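Let's take a walk through this structure together, one element at a time. Have the sequence and the view at hand, and turn the view as we go.

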Amino acid sequence: MSLLLQTALLTRRRLLEAVRQPIWIFMGMSVPLMYLALFAPLLKPLAGGPGFPGGSVLDVFVPGILVLMAFGSGMGAGWVVLNELDSGVIERLRVTPASRLALVLGTALRDVVMFAIPAALVLLVATPFGFDPHWGGLGVLLVLLALLTAAVSASSAALGITLKQIGSLAAVVTGLQLPLTLLAGVLLPLSLGPGWLQGLAHANPMYYAVQAARGLAGGTVASGTVAAGFAVVGATALAALGWGTRTYRRAMA
Amino acid sequence: MTGAGAAPSAVRVTGLRKAFQSRRGRVEALRGVDLSVAAGEIYGLLGPNGAGKTTALRILTTLMPADAGEVVVAGLDVRRRPAEVRRHIGYVGQLGGADTAATGRENLILQGRLYGMGRVETERRATELIDLLDIGPFSGRIVSTYSGGQRRRLEVALGIVHRPAVLFLDEPTLGLDPQNRANLWDQLRGLRGMGTTVLLTTHYLDEADQLSDRVAIIDNGLVVAEGTPEELKRRHPAAVTITTRPGPADLAQLAGELAQEPLVRGARSDGGAIRVDLDDPTTAMAAIFDRLRDRRVDVVGVTLREPSLDDVFLHETGRSLRDAADPGEAGRIAS
């Protein structure tokens with residue numbers, strides 16, 4: 001009960017903070033739109049080829065972009081948290097009876113909202129250009145990606161508190177971002193690649209998210225791929241929230 | 001929300017130890033600290049940087065576990081019941097900890113709600129604190145626009161939203177100008193007047209002396225002296241320097257005689273002046289001046305230097321508090 005209330009209060013605080021920095025909202029919106037405008041046209045000639053079965057290339061590409069957005073929305077949490085470690089905010093909150101899980105969830109839920117709004121915008125913009133998803137499946141997909149954002153947000157926060165240095169955090173997060181996104185088949189389907197690449201991808205939780213995302217956008221909700229996506233991403237989110245809570249419990253500037 | 005009612009002391013610390021593992025070895029930050037803070041007093045933990053004050057405060061406020069020792073705050077064991085302890089204490093850290101992207105009022109309201117206070121009650125309390133700490137003129141502004149003094153006031157308000165029985169402050173006046181310092185002292189005295197126990201760390205002598213009811217001098221992870229500032233200072237003599245007009249009297253011999261007087265700890269001549277160390281200057285002074293008149297010594301000036309807590313520190317540690325900031329690592333690394 002108090003966990004819910006505290007989570008709501010702390011999420012509200014984070015959202016207010018975001019609203020007061022409109023530049024980040026603007027950037028959050030513009031990046032995915034740039035992918036659509038500047039990258040999607042390159043895929044046009046691939047339509048109907050391997051990895052792009054029938055329909056519009058956007059049907060393959062947009063789910064990937066959504067996964068990328070979900071990842072990117074959670075990534076920044078570590079910086080926010082590090083800042084608060086330095087300014088004593090975390091110490092102050094840790095002396096209050098507030099639940100440590102609520103502290104992690106406050107940031108994670110803000111990141112989910114900050115993912116969902118530009119995601120809706122991308123869907124809106126892509127539709128007139130031939131993106132033709134299964135809207136029910138897309139609803140389920142957004143739930144899956146909310147879990148992914150929460151997992152990334154909590155992990156980033158935990159990393160920030162653990163590493164304590166902006167430089168180390170930047171190195172680790174950006175160092176992970178590239179292999180994780182490449183090995184997820186976000187931009188191009190991994191089925192285009194050799195077997196070893198596809199094998200390696202199976203170790204990457206994001207891969208399951210992307211696979212499930214393409215299935216869901218196409219309307220296949222009840223499938224093994226989707227179940228695997230929810231299982232892997234859900235487990236990752238739980239583990240990340242647990243990790244984040246643990247680091248908050250011990251956090252020391 | 002007090003809960004300290006039945007307990008004789010608001011804070012009781014026995015045998016507190018804490019060591020950190022650093023790359024250069026084990027650093028013992030606290031080596032067996034004992035403290036007892038009575039309910040309703042302002043208690044100062046005085047010591048140089050690196051003495052272990054902040055570590056002690058962090059353990060007392062549930063932020064960090066101790067290696068050994070017992071800590072009871074507001075009648076509750078900190079190790080066993082940290083969640084309950086948190087309901088009874090307030091903490092104003094050295095770093096501050098106000099949310100810089102929110103307004104002062106928003107900060108206060110969130111803090112109150114996190115302590116489980118209802119919406120209406122929190123609003124009322126926020127208004128009350130804005131009044132009490134003079135936050136009114138800027139309570140609606142984003143904290144990142146605040147001056148140092150304004151921010152500190154807000155941070156103290158954040159520490160007492162839930163009316164804690166014990167308020168902990170880590171170097172509360174660090175970086176404040178004299179005016180804001182004096183204001184904060186008054187506000188802390190006001191809190192004491194309302195029954196709040198205040199435990200603060202400081203490396204300022206005057207803060208320990210003038211603000212605190214009792215003081216523990218901490219150095220190198222140990223409490224080296226404890227008592228009211230008066231008690232501590234009374235153990236040390238006041239220094240009276242008497243400047244004389246050149247005359248026939250032999251000042252060195254006179255100093256030797258003065259040293260034999262009751263209540264005089266020592267005396268020596270220094271050029272045209274005599275320096276006398278007195279335990280109780282008000283009583284001893286008359287006898288000294290009688291003696292000077294007998295010897296026809298013309299006094300042209302008298303200065304009295306009362307003992308300070310720095311004398312206490314110097315006596316206990318062999319060095320002055322002013323010079324003691326950040327003792328060498330070597331001194332703190334255990335073998």
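Look for B:S9, which stands opposite B:A38 of strand β2 in chain B. Keep in mind as you follow them that the model is a predicted one. The two strands are part of an open sheet of 4 strands in chain B, with antiparallel pairing and the order β2-β1-β4-β5. At the edges of this sheet sit β2 (25–38) and β5 (76–77) of chain B, each of which pairs on one side only.

Now move along chain B to strand β8, residues 197–202. How many of its 6 residues are buried? The count is 6 of 6, so to speak a strand that is mostly covered. B:T197, B:L199 and B:T201 point one way from β8(B), while B:V198, B:L200 and B:T202 point the other way, and all are buried. Which strands pair with β8(B)? One of them is β3 (residues 42–46) of chain B, which pairs with β8(B) in the parallel sense over 5 bridges. Another is β7 (residues 166–170) of chain B, also joined to β8(B) by 5 bridges and running parallel to it. A handy landmark here is B:L199: in β8(B), this residue is the bridge partner of B:Y43, and it is the bridge partner of B:F168 as well.

Step back and take in chain B as a whole. The chain holds 13 helices and 14 strands. It is divided into domain 1, covering 9–230, and domain 2, covering 237–306. The C-alpha centres of these two domains of chain B lie 45 Å apart. Along its principal axes, the C-alpha trace of chain B spans about 80 × 50 × 40 Å. Of the 335 residues in chain B, 45% are buried. If you take the contacts in chain B between residues at least 6 apart in sequence, 70% of them join residues at least 24 apart.

Chain A has another make-up: its secondary structure comes to 11 helices and 0 strands. Its C-alpha atoms fill a box of roughly 60 × 35 × 35 Å along the principal axes. Among the contacts in chain A between residues at least 6 apart in sequence, 82% join residues at least 24 apart.

For a closer look inside chain A, turn to helix α4, residues 77–86. Its buried residues are A:A77, A:G78, A:V80, A:V81, A:L82 and A:E84. What covers them? The cover includes α3 (58–75), α5, α6 (100–126), α7 and α8 (166–182) of chain A. Just after α4(A) comes A:G88, which takes a positive phi of about 85°.

Leaving aside its neighbours within four places in sequence, A:L145 is in contact with A:L66, A:V67, A:A70, A:F115 and A:A209.

Finally, come to the place where the two chains meet. Here 19 residues of chain A are in contact with 23 residues of chain B. On the side of chain A that touches chain B, the elements giving two or more residues are α1 (2–19) and α5 (89–95) of chain A. The largest share of that side, 6 residues, comes from α1(A). By type, the residues on the side of chain A that touches chain B divide into 8 nonpolar, 5 polar and 6 charged.

Methods. Residues are numbered from 1 along each chain as its sequence is written. Chains are lettered from A and ligands numbered from 1 in the order in which they are written. This is a predicted model: local features need pLDDT of at least 70, side-chain atom pairs count only at pLDDT 80 or more; totals for chains, interfaces and linings use all residues. Two residues are in contact if their C-beta atoms, placed from the backbone, lie within 7 Å. Domain bounds come from an automatic or database domain assignment. Ala, Val, Leu, Ile, Met, Phe, Trp, Tyr, Cys and Pro count as nonpolar, Asp, Glu, Lys and Arg as charged, and the others, Gly among them, as polar. A residue is buried if 20 or more other C-beta atoms lie within 10 Å of its own, exposed if 12 or fewer, and partly exposed in between; C-beta atoms are placed from the backbone. Two strands pair if DSSP finds at least two bridges between them.
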